[in-house]
Amino acid sequence: MAKNLFITSTEARSGKSVICLGIMELLFRNIDRVAFFRPLINPHMTGKKKDNDINLITSHYHLETPYEKTFAFTTIEAGNLIARGKDDEFLEGVFTKYKTLEETHDFILCEGTDYGGSISAFEFDINAEIAKNLGCPVLLVANAHQKSVGETVRSIEISIESLMDKGCNVIATIANRIHPEDREKILERLASKGLGAGQLLYTIPDNRALGSPTMGEIAGILDADVLYGHDQMNRHVYSFGIAAMQLKNVLERIEHGALIITPGDRADIIVACLSALTSVSLPNIAGILLTGGLKPEEPVRRLIEGFPNLPPILIVPEDTFPTAKKVADVHAVISPDDPRKIMRALGLFEKNIDVHELGDTIIETRTTIVTPKMFEYGLLERAKAHRQHIVLPEGDEERILRAVEILLHREIVDITLLGRHKKIQEKILRQGLRMDDVHIIDPQDSDILDDYITTYFELRKHKGINMEFARDMMCDVSFFGTMMVYKGHADGMVSGAAHTTQATVRPAFEIIKTKKGGAVVSSVFFMCLADRVLVYGDCAINPDPNAERLAEIAMSAVQTAKTFGIDPRVAMLSYSTGESGQGVDVDKVRSATRITREKCPDLIIEGPIQYDAAVDPEVAKTKAPDSQVAGRATIFIFPDLNAGNNTYKAVQRSAGAVAIGPVLQGLNKPVNDLSRGCTVTDIINTVAITAIQAQAEKGLV
């Protein structure tokens with residue numbers, strides 16, 4: 001397996017941070033211990049104490065490496081060493097820091113310099129020298145922003161030739177921030193020059209939002225005070241303009257995403273710009289920057305505060321033109337505090353890069369260890385392979401909406417939200433989310449409601465219900481969503497963030513029903529430990545299943561495990577192992593094991609068996625030396641809900657395991673329940689699991 005990769009660029013502002021995010025995402029799908037390392041940093045460029053890319057990667061991927069170990073030198077320190085002819089000392093310092101990381105990590109992603117420090121004229125050569133001495137293959141990022149095809153190709157050609165002359169192995173080149181219409185021309189020109197031989201070539205189109213600073217970034221760099229719009233600081237600034245002219249001329253020059261810079265005493269400009277926000281005929285500005293330290297007078301402030309959804313209004317003490325010059329020099333970054341920008345960057349990378357091809361090139365072999373992050377990333381990757389349509393009944397729940405923005409932007413699934421259109425759109429607007437094309441259905445106003453009512457009546461009329469009762473049920477979002485799945489209008493449903501388990505499961509029992517030949521709906525949790533993923537069942541549904549039901553839970557868990565790529569070795573848990581114990585409880589487990597073996601003779605299963613014997617190879621040698629399961633179990637079936645629920649929570653809290661679930665099994669079509677305390681990540685994982693279950697039902701996995 002390859003141990004490292006060095007990402008360098010042709011010049012400043014090439015968008016390396018986007019590429020670093022995409023590569024880290026790719027690496028975590030395959031490798032457990034990944035480190036991020038920058039040989040040289042230039043933190044003073046942004047006025048921050050920490051390097052932005054180090055902060056971004058370590059924060060987003062929860063890397064535990066201390067900050068001081070993630071870089072070797074600042075550009076000033078490196079410049080001093082090189083100027084004094086101490087090149088060897090410089091390289092030795094880089095090598096020493098790198099080797100320290102290598103001792104505790106399986107792969108190190110290295111990012112080159114930013115071409116903005118005191119040694120900018122020599123940085124390309126320095127990057128090449130570092131990559132060569134660390135033995136890193138190189139991924140080159142070329143800046144194509146506002147460049148012609150010829151300029152872009154020439155820049156790549158010169159850079160690759162220079163890297164190869166210095167002994168570097170360039171495995172891939174990404175022309176970043178291209179004009180979409182130039183893609184084929186760039187690739188053809190590069191191929192005609194023989195630059196595609198022996199390496200991979202990709203292009204990524206320019207994304208205006210990624211290349212534009214947010215109001216929060218501008219406020220931080222200018223040290224501006226925020227007067228209004230504290231919750232709108234993630235608005236992107238696409239342009240800026242000084243508004244010091246007559247009002248009619250200002251209105252003609254307003255652009256979408258513009259930052260309006262104006263003296264603080266120009267009440268006419270301020271009010272006009274805010275009015276433009278509510279006008280359908282004028283563009284939507286990003287915010288207003290007041291100069292001269294002049295705050296609007298009290299009557300104007302009262303007027304301002306009457307506008308809904310105020311954009312950010314900042315104030316600085318400097319005059320207008322010096323302020324405008326500072327704004328012009330602001331360089332957009334991807335902040336670790338901006339998850340929307342991060343998800344946008346990852347979506348852009350994954351949409352334009354063949355991650356499987358690139359991954360196979362970077363990583364020659366795959367590890368057998370499966371970490372929580374690897375499992376989670378694997379879920380998203382598998383869900384994306386055959387996009388499914390998932391309905392979310394709790395359309396106005398804020399966590400659901402934040403998850404949906406990520407799911408849609410990364411193109412993992414198609415989504416339908418249920419609820420009142422106006423309320424959902426207000427929640428989307430209030431949170432500053434971007435999902436203009438999200439599909440929303442209000443069950444009470446839907447043109448398919450009557451069909452659903454009739455269908456539900458036919459399904460349940462044997463229970464004595466009437467059409468009025470059927471209408472009441474179908475106006476409920478949980479029942480409506482379940483009917484969408486039943487009718488094939490959605491492939492699966494996820495609910496429970498704001499509803500009880502009963503509210504999610506009951507409609508599924510009544511409408512979707514259990515699989516043929518089975519009568520048990522049960523659940524499993526995927527327990528992601530440090531180096532493997534285990535399956536626990538049932539931990540959420542059945543309080544005290546008899547032997548037959550316990551056997552069915554085990555068989556369902558086997559199918560679920562196979563769906564998610566887990567090799568099934570089933571441990572039927574009890575307080576005793578083998579024939580040593582007696583009593584009603586252990587006899588139930590013994591009977592369930594026998595039933596499961598009869599129905600699935602090829603299944604590797606052991607029971608009754610104690611948890612320690614099932615999970616610990618050393619204990620297994622003593623308690624069950626001849627067992628194929630002992631010490632190697634992957635599926636753990638608990639005798640009752642009390643044992644299962646408490647055990648999964650104990651392992652989750654005490655061992656720091658990531659518990660993904662509950663995943664419902666035994667239904668004809670996938671429906672899954674969320675905890676009311678679920679996080680946005682929990683929702684994303686559960687939606688991905690539901691999509692994979694839907695794929696399995698269709699024979700796609």
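In the predicted model, strand S5, helix H6 (residues 149–165) and strand S6 form a β-α-β unit that is right-handed (with the strands pointing away from the viewer, the path from the first strand over the helix to the second runs clockwise). Helices (H or I, at least four residues) and strands (E, at least two) are DSSP runs, numbered from the N terminus. Residues are numbered from 1 along each chain as its sequence is written. Local features need pLDDT of at least 70, side-chain atom pairs count only at pLDDT 80 or more, totals for chains, interfaces and linings use all residues, and side-chain values use heavy atoms, with hydrogens and water left out.

Strand S5 spans residues 138–143, and six of its six residues are buried (under 20% relative accessible area, 1.4 Å probe, protein chains only). Val-138, Leu-140 and Ala-142 lie on one side, and Leu-139, Val-141 and Asn-143 on the other. S5 pairs (at least two DSSP bridges) in the parallel sense with strand S1 (residues 4–9) over four bridges, where Ile-7 stands opposite Leu-139. Its parallel pairing with S6 (residues 170–178) comprises six bridges, and Ala-142 stands opposite Ala-175.

In helix H10 (residues 267–277), the buried residues are Ile-269, Ile-270, Ala-272, Cys-273, Leu-274 and Ala-276. Their cover includes helix H9 (247–253) and strand S10 (258–263).

Helices H3 (residues 75–83) and H4 (residues 87–102) pack at about 145°, with axes 7 Å apart; axes are lines fitted to C-alpha atoms over the stretch in contact, and angles run from 0 to 180 degrees between N-to-C directions. Ala-78, Leu-81 and Ile-82 in H3 meet Asp-87, Glu-89 and Phe-90 in H4 (heavy atoms within 4.5 Å).

Methods. Buried means under 20% relative accessible area, exposed over 50%, partly exposed in between (1.4 Å probe, protein chains only).
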